[in-house]
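Reader: Could you take me through some charged contacts in this model?
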Amino acid sequence: MPNRLADATSPYLLQHADNPVDWWPWCPEAFAEARRRDVPVLLSVGYAACHWCHVMAHESFEDPETGALINGDFVSVKVDREERPDVDAVYMQAVQALTGQGGWPMTVFLTHDAKPFFAGTYFPPARRYGMPAFREVLLAVADAWRQRRHELETAAGSLTRELAAHGRPGSGEASAEASGDASREQPPDAAALDAAAHALATSYDAVNGGFGGAPKFPPSMVLEFLLRHVARTDDPQALAMVEGTTERMARGGIYDQLGGGFARYSVDAHWVVPHFEKMLYDNAHLLRVYTHLWRVTGSPLARRVALETADWLVRELRTPQGGFASALDADSEGEEGRFYVWTPAELRAVLGDDDGDWAAGMFDVTPQGTFEHGRSVLQLRSDPDDAARLAAVRARLGAARERRVRPARDDKVVAAWNGLAIAALAEAGALFARADLLGAAERAAHLLVDTHLVGDAGGTPTGTPTGTRPGELRLRRVSRDGVAASHPGVLEDHGDVAEGFLALYAVTGNPRWLRLAGGLLDAVLAHFADGRGGFYDTADDAEALLRRPQDATDNATPSGAAAVTGALVSYAAVTGSSRHAEAADRALATAAPLVTGYPRFAGWWAAVAEAALAGPVEVAVVGALDDPATRVLHRVALLSPAPGAVVALGDPSTGPVVVPLLLDRGPVDGRPAAYVCRGFTCERPITDPAELARSLQANTDLVALAT
């Protein structure tokens, strides 16, 4: 019989709806029930694509005896960390404080007032890996609750006070250090950014690309910073780090050599064996990185990978409503990676002996295997002389793979990650002249407006945040099947969606996207600001947890504060708003210690700082939108590698100009014109695309293609 998770929006919670465990969603009623029964709370946090979450579910949560033990001694609460990043952040800090490490599934035992007193991650059903059996943990915790209750509550209170102290800005940790009083710092200057790039070089793996050792995660935000750094400095070492990392990732097993798209991370230092889940946010980031690398260098490999990744996003993750699903699972047929791996015999069975042996050599599929059970993850360490043969082999293998059991899809739509996808697809669509990709970005943006947005421009999701003011825009974090859940958007949702809307405005010239971005940023300044220049990760009217989360460091995605600050810089550049520009400066000042001291965890901050240092460059393109000359100038403007360059596009002949950067700037002698500006101070108008390219230092070969 289904439990209380049967009506959940989250696919992860729905995976547990038929467990023998009497799960509750995160809600006040669960804690009230624990108090009524006088038992502790078992909090389990994970996400749908998490391999070890599946393992623990099969071993323990689907086991009737374990379920009965849990139901008898605990009130059990299941949380999807992607739906509730605030809950996840608070209790992950507790896990790390108690165990020295973290991860998912996260297992935390709580008092009736939600204070943690014991925690861990994955627990096996029997003792192994040096860990106790999960049932042993349950019995020990239940016994301690009955026999030593006062000790547990005292320990929980002490831990909670310690976490609250460390969560305050300026407490000394990397993330808190970056959230101190902005009056003591200035935004990172050229010297600080040069030093950050140099520090990254000291941890760069010159043989395999990437930074540090195994496991290796795609360093998307760091690569974006280095590309912007190259545009300012022509630093060959920085460009080499970008090119080396992107090529080795694209040729390794972390990249799907048949279908496109990147897996979450590599378990080794060589990018050979991935952890096979594919996340929307990783692929959105990497699509943008490869697109921007092509913009700087014209690299055919970068172009191919960018387009294959974009096509994978649209083909595999787009939902019927036009949004983008969160992830593809790592597992199929009960095995991690089964969908993606091959043996030499399997290649020959599909391709015949001649092409099968050739493909085994090209894709490094060996009799011993590079993965488990003699299977290999496909790699493409070099391009063959016969490109047509490779294309035919890939197509045949891809068709054969489609007959396998596909990994499950987590089809919830997360606002922040869709914002990242919108920005990436809009830019790729414009730069690669792919109207279908731009259309996909616009459709996803409309879904966010119609389903996730609360306010004058949005749809009608229920439960408007209590602090929403007339005319103010706020976001819901997740939806599924076109229906928004009640969870309010966190800081990263507002920052990443604003970034996506600003990218759409730059590409389409539709001022609606600029206005919506401004509405979201105004809500951030009203509800997320910490009063010291930084931002909390939750709004002032969000559910009160043990502490109000605030983490300035990048993780798999840019920190919410960095995302918001980047959007503030761009919005101020297009609108001339001093209020937004000053807010961006204050936020950058809080991040200065993080950029200089921990650049691997501050890539997006450093990228935003490069944009602010550059002005950023503002390009106003004016002319009839159906005039080919306007379109060429616009495309050349978008090809600019200037860090964080913003582009405004408009036709003053169609009505009143509503975008400040376009005011009082018109065609020249009836010809479309571009104005290159900084701080709204512009050079003389330019009508020649080649001259505009020189002014923006765009790649001349790509400009020639554009014209």
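Predicted model: local features only at pLDDT ≥ 70, side-chain atom pairs only at ≥ 80, totals over all residues.

Reader: How many salt bridges does the structure hold?
Author: There are 49 salt bridges, each being a side-chain nitrogen of Lys or Arg within 4 Å of a carboxyl oxygen of Asp or Glu.

Reader: With which residue in helix α11 does Arg251 pair?
Author: Arg251 forms a salt bridge with Glu247, with 3.0 Å between the closest N and O atoms. Both lie in helix α11 (residues 236-251), four residues apart, about one turn of the helix; helices are DSSP runs of H or I, at least four residues, numbered from the N terminus.

Reader: Is Arg251 buried or exposed?
Author: Arg251 is buried, at 8% relative accessible area. Buried means under 20%, exposed over 50% and partly exposed in between (1.4 Å probe, protein chains only). Glu247 is partly exposed, at 35%.

Reader: What does the salt bridge between Arg251 and Asp383 tie together?
Author: The closest N and O atoms of Arg251 and Asp383 are 3.1 Å apart. Asp383 lies in the loop between α14 (344-362) and α15 (387-401), so the pair ties together parts that are 132 residues apart in sequence.

Reader: Changing topic, which residues does Glu33 touch beyond its sequence neighbours?
Author: Leaving aside neighbours within four places, Glu33 is in contact (heavy atoms within 4.5 Å) with Trp24 and Val75. Glu33 is buried, at 19%.

How values were computed
Residues numbered from 1 in each chain as written. Heavy atoms only, no water. Helix = DSSP H or I, 4+ residues; strand = E, 2+ residues; numbered from the N terminus.
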